[in-house]
Amino acid sequence: MIETRRLTRRFGELLAVDRLDLDVARGECLGFLGPNGAGKTTTVRMLCALIAPSEGSARVAGHDVVREADQVRRKVGILTETPGLYDRLSARRNLELFGELYGVDDVAGQVRRYLALLGLWERRDDPAGTFSKGMRQKLAICRALLHEPPILFLDEPTSALDPEAARLVRDFVGELKSQGRTIFLCTHNLEEADQLCDRVALFRNRLLVVDTAASLRHQTYGRQVEVRLRELRPEHDAAVRALGLPVELAAVGATLRLRADDPDAITPAVVRALVLAGAEVQAVTPIEHSLERVYLEIMGGQP
Ligand SMILES: Nc1ncnc2c1ncn2[C@@H]1O[C@H](COP(=O)(O)OP(=O)(O)OP(=O)(O)O)[C@@H](O)[C@H]1O
Ligand SMILES: [Mg+2]
């Protein structure tokens with residue numbers, strides 16, 4: 001649904017996006033992650049045919065973003081970082097205007113549907129200018145969906161929202177995904193990316209890596225299991241080493257940390273050896289590193 005080839009954007013001397021090659025499949029939710037100023041929004045704007053690439057190309061829903069910009073705009077819904085709304089118009093009127101502009105068939109019906117879905121129906125006649133940040137964000141989400149686009153670009157959809165509203169929007173994005181829409185999600189919320197996205201791309205002016213979160217974890221940290229003992233003695237450690245298994249061991253207090261390509265194959269033998277050596281095993285736990293740790297590691301360990 002989205003294909004970019006050496007997609008590049010300069011602003012004067014500044015290289016904001018450097019030869020990006022990326023493919024997003026139909027129905028996929030891709031998390032686009034990177035620090036402030038990484039070029040995420042610039043990428044989104046090129047893919048929505050709002051600004052032109054300096055070099056390279058991109059196709060969105062089968063259309064070239066430069067030569068077929070109009071077709072691209074019809075196929076995409078975009079939630080921008082700062083939703084530009086008409087402050088003096090009501091929520092409903094804001095959406096109606098947009099729906100008419102986009103030639104939506106049943107404007108009134110669609111407006112009602114999305115205002116209700118995002119919990120804004122009661123406030124439909126209030127001017128958008130009187131809305132809170134989060135309400136404006138939700139209104140902008142309604143606007144991105146009115147024309148039922150198959151591809152959605154969401155640029156930090158939950159950044160202005162309180163935990164409850166963020167949860168609502170997150171669930172809503174999950175719902176959009178289950179409807180088979182393709183979603184390109186820029187977010188600084190790594191837990192959100194982990195929950196929602198099929199793959200994540202780590203990006204800082206150029207693409208650093210793109211993969212599933214699980215695979216990134218395993219590539220960065222290997223697969224790890226912790227065995228917590230009542231007490232860790234030298235003979236316990238020695239008994240495990242004597243097995244000669246392909247496993248790295250590290251002791252942290254009374255916990256033995258195992259790192260292996262396939263811990264499931266190794267853990268039973270390790271536990272057996274520990275017990276035979278007189279250890280009292282209290283817990284065996286797989287370690288799942290947070291996507292945040294993986295992100296910081298790949299971005300260079302800088303917070
Ligand atoms: N219209 C513009 N004119 C000049 N420079 C720009 C313009 N738009 C973006 N830039 C520059 O391009 C770089 C990338 O900006 P962009 O907004 O794409 O980053 P981002 O990854 O979305 O960051 P954030 O996480 O803060 O939203 C920045 O250095 C920014 O200053
Ligand atoms: Mg941005």
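Predicted model: local features only at pLDDT ≥ 70, side-chain atom pairs only at ≥ 80, totals over all residues.

Student: What angle do α8 and α11 pack at, and how far apart are their axes?

Tutor: Helix α8, which covers residues 213–221, and helix α11, which covers residues 291–298, pack at an angle of about 60 degrees, and their axes are 10 Å apart. The two helices, α8 and α11, are therefore oblique to each other, since angles of 65 to 115 degrees would be needed for roughly perpendicular and angles under 35 degrees for roughly parallel.

Student: Which residues in α8 and α11 meet?

Tutor: From α8 the contact takes Ala213, Leu216, Arg217 and Thr220, and these meet Leu291, Val294, Glu297 and Ile298 in α11. Sorted by class, the contact of α8 with α11 holds five nonpolar residues, one polar residue and two charged residues.

Student: OK, and α9 with α10: at roughly what angle do their axes cross?

Tutor: Helix α9 (residues 234–241) and helix α10 (residues 263–276) have axes that cross at roughly 140 degrees and come within 9 Å. That pair, α9 and α10, is therefore oblique as well, because only angles over 145 degrees count as roughly antiparallel.

Student: Is the crossing of α9 and α10 left-handed or right-handed?

Tutor: The crossing of α9 and α10 is right-handed. In the contact itself, His236, Ala239 and Val240 in α9 meet Val270, Ala273, Leu274 and Leu276 in α10, and by class this comes to six nonpolar residues, one polar residue and no charged residues.

Student: And how do α3 and α4 pack?

Tutor: Helix α3 (residues 91–101) packs against helix α4 (residues 107–117) at an angle of about 130 degrees, with the axes 9 Å apart, and that makes α3 oblique to α4. The crossing of α3 and α4 is right-handed. On the α3 side the contact is made by Ala91, Arg92, Leu95, Glu96, Gly99 and Glu100, and on the α4 side by Val107, Gln110, Val111 and Leu115. The classes in this contact of α3 with α4 are five nonpolar, two polar and three charged residues.

Student: Switching topic, what surrounds ligand 1?

Tutor: The residues around ligand 1 are Phe11, Leu14, Ala16, Gly34, Asn36, Gly37, Ala38, Gly39, Lys40, Thr41, Thr42 and Glu81. Two or more residues of this shell come from each of β2 (14–24) and α1 (40–47).

Student: Which element gives the most to that shell, and how do its residues divide by class?

Tutor: Helix α1 gives the most to the shell around ligand 1, with three residues. The shell residues divide into four nonpolar, six polar and two charged.

Student: Last one: how is the protein divided into domains?

Tutor: The division is into domain 1, residues 2–211, and domain 2, residues 222–293. Taken over C-alpha atoms, the centres of domain 1 and domain 2 are separated by 45 Å.

Conventions:
Residues numbered from 1 in each chain as written. Chains lettered and ligands numbered in written order. Near = placed C-beta within 6 Å. Helix = DSSP H or I, 4+ residues; strand = E, 2+ residues; numbered from the N terminus. Nonpolar A, V, L, I, M, F, W, Y, C, P; charged D, E, K, R; others polar. Domains from an automatic or database assignment. Axes fitted to C-alpha atoms, helices over the stretch in contact; angles between N-to-C directions. Left-handed = near helix turned anticlockwise from the far one by under 90°. Contact = placed C-beta atoms within 7 Å.
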